[in-house]
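Let's take a walk through a protein model together. Keep the picture open while you read, and look up each spot as we get to it.

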Amino acid sequence: ELEDVRGNITFKKVEFSYDGKRKALNGIDLTINAGATVALVGHTGSGKSTIANLICRFYDATAGTIEIDDIPIKDLKLDSLRQKVSIVLQDTFIFSGTIMENIRFGRPDATDDEVEHAAEAVGAHLFINKLKDGYHTEVEERGNVLSVGERQLLSFARALLADPRILILDEATASIDTETEVNIQKALKTLLAGRTAIIVAHRLSTIRESDTIIVLDHGNIVEQGSHDEL
Ligand code: ATP
Ligand code: MG
């Protein structure tokens, strides 16, 4: 299953409630073409992260169907779904271990060379080489060795190495300086090439670069179109 995944995503009347009372998603109909970059925007609590959660099957829809390339994701084995869909979270997940191990997470078979190539491709190589032990520097789960921007680049390297067809990105809201912003934007472009991407977008630059912008409000899609159209 999902061998020749192209990465089309379809939501058909998708509803979801976390508590069985209030609906976080209210009948979402949505088609995302393979290779497209879609930005989800909307107020806090509008349902952006919920859409991301459902595609990753952290939760199952309460009603309706989500399909990847015409197959309901409910019918897919979880590990095969996880191979095709990667998520980069707002609070980038770093575990205690070396930089190398952190990037390799999700592709345990990757060689040191492959890890370094992924880091280079997203521009993380520079800051990693400046660390005390380079790729073998130990980082802590909540350690402050890395800045927000560096953590983001590290998570991009990890995602690039995992090479999923579909990428879900919950963009960090933390403020970063202009130079880091430029580096991240460049890295993001590399990472998104040839994939379907859904980005919970907070940065204007990300929104502008997306093919489609979807505006959510109280679990409904209220607007949809390109940056020029909206
Ligand atoms: P933000 O911009 O603040 O991240 P969001 O658009 O991502 O907001 P969601 O996290 O999708 O919003 O939340 C949609 C609704 O579901 C909100 O009303 C929220 O309170 C509720 N919700 C989200 N996560 C949970 C949870 N784990 N348990 C219960 N309710 C939740
Ligand atoms: Mg959210």
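Helices (H or I, at least four residues) and strands (E, at least two) are DSSP runs, numbered from the N terminus. Residues are numbered from 1 along each chain as its sequence is written, while chains are lettered from A and ligands numbered from 1 in the order in which they are written. This is a predicted model, so to speak: local features need pLDDT of at least 70, side-chain atom pairs count only at pLDDT 80 or more, and totals for chains, interfaces and linings use all residues.

How far can we trust it? pLDDT is the predictor's confidence in each residue, from 0 to 100. The chain has a mean pLDDT of 91, with 96% of its residues at 70 or more. The model's scores are ipTM 0.98 and pTM 0.89.

Now find ligand 1. Around it sit Tyr18, Asp19, Ala24, Gly42, Thr44, Gly45, Ser46, Gly47, Lys48, Ser49 and Thr50; a residue counts as near if its C-beta atom, placed from the backbone, lies within 6 Å. Helix α1 (residues 48-55) gives the largest share of this shell, three residues.

A residue is buried if 20 or more other C-beta atoms lie within 10 Å of its own, exposed if 12 or fewer, and partly exposed in between, with C-beta atoms placed from the backbone. This core has 62 residues, and Ile168 is one of those that touch the most other members. Helix α6 (residues 148-162) supplies the largest share of the core, eight residues.

Lys13, with phi near 45 degrees, is in strand β1. Is Lys13 exposed or partly exposed? It is partly exposed, because it has 13 C-beta neighbours inside 10 Å. Asp70 has a phi of about 70 degrees and belongs to the loop between β4 (63-68) and β5 (71-72). Asp70 counts as exposed because it has 8 C-beta neighbours inside 10 Å.

Technical notes: A nonpolar core is a set of buried Ala, Val, Leu, Ile, Met, Phe, Trp, Tyr and Cys residues joined through C-beta atoms within 7 Å.
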